[in-house]
Amino acid sequence: MVTVNQKELIAKEKANNPSLLKTIWREIRHDKLALVSLVLLLGIIITAYSSPLFIDQEQLQRVNFLETWEKPSETHLLGTDDGGRDVFGQLLLGTRNSFTIGLSVTLIAGLFGLTIGLIAGYFGGFVDNIIMRIIDFLMVLPSLMFIIVFIVIVPDYSVFTFVLMMSAFAWFGKARLIRSKGLAERELDYINASKTLGTPSWKIMVFEMFPNLSSLVIVNMTLTLAVNIGLETSLTFLGFGLPASTPSLGTLIAFATNPDIVQNKWWVWLPASLLILVMMLCINYIGQAVKRASDARQRLA
Amino acid sequence: MSLLNVKDLQVHFPIRGGFFRRVVDQVRAVDGVNFELEPGETYGLVGESGCGKTTTGRAIIGLNKATGGEVLFNGENLATMNGHDRKKHIRDIQMIFQDPYSSLNGRKNVLNIIAEPLRNFERLSPKEELTRVQNMIERVGLSPESIYKYPHQFSGGQRQRIGIARALMLNPKLIIADEPVSALDVSVQAQVLNFMREIQKDFGLTYLFISHDLGVIKHICDRIGIMYKGRFVEEGTAEDVYTNPQHLYTKRLIAAIPEMDPVKRFEKMELREQINVAYRTEYDSYFDKDGRMFDLKPLTPTHSVAVHQGGM
Amino acid sequence: MVKFIFRRLLVMIPQLFLLSLIIFVLAKQMPGDAVTGAFMGNPNVTPEQVEKIREQYGLNDPWYVQYGAWVGKAVKGDLGQSYTHKQPVTSLLAGRVANTITLSLFVLIVSYAVAIPLGILAGRWSDTWVDKLIVTYNYFSFATPLFVFALLMLFVFGFILGWFPTGGSVDIRIESGTFAQFMSKLHHLVLPGLSGALLATFGTIQYLRNDIIDTKLKDFVKTARSKGVPEGKVYTRHILRNSLLPIAAFLGYEITGLIGGSIFLEVIFSYPGLGQLFIQSITGRDFTVVTAIVMISGAAVIVGTMLSDVILSAIDPRIRIE
């Protein structure tokens, strides 16, 4: 029954009702700064993720004592570190690792926070009360210290447990946000209508309530992506993040805990610092454009 | 046997207070309501805002939990059923909501909105589903091409028709209409009301019609129950209530309907004066010492009033 | 009001209890304990002797007895012995706590001194170039990770320009108690303090700007204008009075951020405070000290949040309902 005619109809209505993704793209195109940020960020990410094609990771990690602390030159674009390893290569691999980890934490924490927030917001009352008491408590813990303590005492420490630790302390803000919007949505009659139509609770949460909160979730996820990349590199910088064998942007910056390196061997840590700065700013400008796209009153386009 | 029989329905909300958030008092939103609906009739529930009429409707369909009493639907008590058993009966009761804007999910197109009940209760192929939705959308007076549109592309009256189409999809027996036209323009109200009457015949529906608008109620209802502070004050046919109101509160309500004829306006003003005097002198025969209404007492086989035992 | 304060205080008790319980459980998970730490690497002590001392210290008791003893001691101010520093944790912490509080206060004062005027400017002249400049700064301060910013500050102002010392909290060559020492302390404080403060302005600026933009369109402000109140007075009398008050209350909520921030600032600027000690102790496996620092920080955040809630409820009665 889905004839050509039907397909045409569907296409026409799709054009009249652009998806959020399309609206975001339109908004970014109209904001030069966001467009530049997007191009720059994509450039960095694509270079970083394709780096294994032209960098031999094993060779990169090999210690070469004849070439320690070399200044930037043609053979080593950004010089070498204490083990004679190429800084530029580490920078690319580090960007890739940091971004992957930041993204994983954002997704895991986002999914968990979303689930908890939806449950609290949809059911309200007693369920909401219990969940909020727990979140109130978690919010007052000094999270950075707890993450570090957990990292130190966890057996079989790996990248995976590292991501889990960070996620464990990154979800409650989101849950609270989703919950407060959810409580407002739950009072609206379309939720009541679904209940009277016999739709099960989980379906109402996922297919009715969630789509109405999705723009909020996307905005929040974009902005926290930056925060989580910052968290990973911060922890690695302090020495409680990725193991030395897995370079992160934080690993390179961690060299800067030594005053001599800060002052005289700037090529090791400065490029990584600036790269983080640029990435954070790009993600934020894109995030602001996404935020405007999700709110019809603020759109530039 | 009546289709719906509500017996001594109570919906109380706790008020928490004090240091440990104990329950210190109850809001008696619905406090002992009795009425019956015969198949095919339209029963109007009228009262001022906050009188509990909406809560009554919501308690029948299960959006609010009844704290006491029975809701017998085809002889089965819905009030004490758990969610699973309830679901079997709930497809026979549907609801039309007041606000045509918030009652449709803006993120779904019309096809998905109207097909939602079908997907919950019947397993249909996409093709069958599409045919049924298209038939229904035509039946409620919208073009079948509009099923891929989104709610914001429709006017208030059209949206309410979509809401009605959704409610009709499962061929329900009882429809609870909670102020279905009060959010619409007056010109559109009549259209939707007439349309509701039309489908009542075609689908053999029974309506529980909740409204604060006495004009609308008079236009569409066979029998009427007047509610005040969570209780019934008077119940009867439209004729009984409008021409022969017995309870003080009903009299006041009827007297408050604006009069179009300038000649009669002074009569009406005098009538209101009389009622105000009566309110002061005869208060005790309508309300007990706590200000609560008495139970309904039959006056004629169709007409009952809440007055003190032993007459007026 | 009194009722609210009382209930809020009551909520704090289970929070403190839970915090201490979690920290106790974590402490048990940490490798080694007070005894193994104290005798580690001492070949003259046999395992049997160690076991005897463990028994003496009550380390073989059931966990709730140990927990009770730990809490009892902690309340009296006995937080155990640090084995790397060979001294009671309490006296070890005393000086560090003072340094961290000084640094945090400096960060707070500077960040408010920067954020409040900027927030007001951006709100009052919204959508002008001044506002755009401030908003851009605000994006920057939100997006930049503290450790990157602090390192850049250290590199530029400490090493390249050499304006400020690059580590420590005071020049130890200067006689203590003199004015010169105070100036030296201040000199050491500026760089870490500024690094923290310039990034801590985000919340305040954003709140003030949004609140002023919202308020200046409200009816009571329009009324004031139409009565002929001069524009300057409209702001001081009608808008700022409403917008500034809650900022005082947010102070307590800032503590979490300050504690997290002090870790980075103190490590990067080698500033001898709690944060630096925390990292040193956890790297040196001195877990008695780690436990004590986490407990103190957690309690500080709990108390701070409570104070903020109470102040906020005094300012805005609507919050009290819950």
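Of the 322 residues in chain C of this predicted model, 34% count as buried. Chain C is built with 14 helices and 2 strands. Elsewhere, 19 residues of chain A are in contact with 26 residues of chain B.

**Chain C**

- Along its principal axes, the C-alpha atoms of chain C fill a box of roughly 90 × 55 × 35 Å.
- Among contacts in chain C with a separation of 6 or more, 70% join residues 24 or more positions apart.

**Where chain A touches chain B**

- The contact between the two chains involves 19 residues of chain A and 26 residues of chain B.
- On the side of chain A that touches chain B, at least two residues each are supplied by α1 (4–16), α10 (189–196) and α11 (201–238) of chain A.
- The largest share of that side, 7 residues, comes from α10(A).
- By residue class, the side of chain A that touches chain B has 8 nonpolar, 7 polar and 4 charged residues.

**Residue A:S98**

- A:S98 belongs to helix α5 of chain A, which covers residues 87–123.
- A:S98 counts as buried because 28 other C-beta atoms lie within 10 Å, and the cut-off for a buried residue is 20 or more.
- Apart from neighbours within four places in sequence, A:S98 is in contact with A:I229, A:E232, A:T233, A:S248 and A:L249.
- From C-alpha to C-alpha, A:S98 and A:W25 are 26 Å apart in space, and they are 73 residues apart in sequence.

Definitions and conventions
Residues numbered from 1 in each chain as written. Chains lettered and ligands numbered in written order. Predicted model: local features only at pLDDT ≥ 70, side-chain atom pairs only at ≥ 80, totals over all residues. Contact = placed C-beta atoms within 7 Å. Helix = DSSP H or I, 4+ residues; strand = E, 2+ residues; numbered from the N terminus. Nonpolar A, V, L, I, M, F, W, Y, C, P; charged D, E, K, R; others polar. Buried ≥ 20, exposed ≤ 12 C-beta atoms within 10 Å, placed from the backbone.
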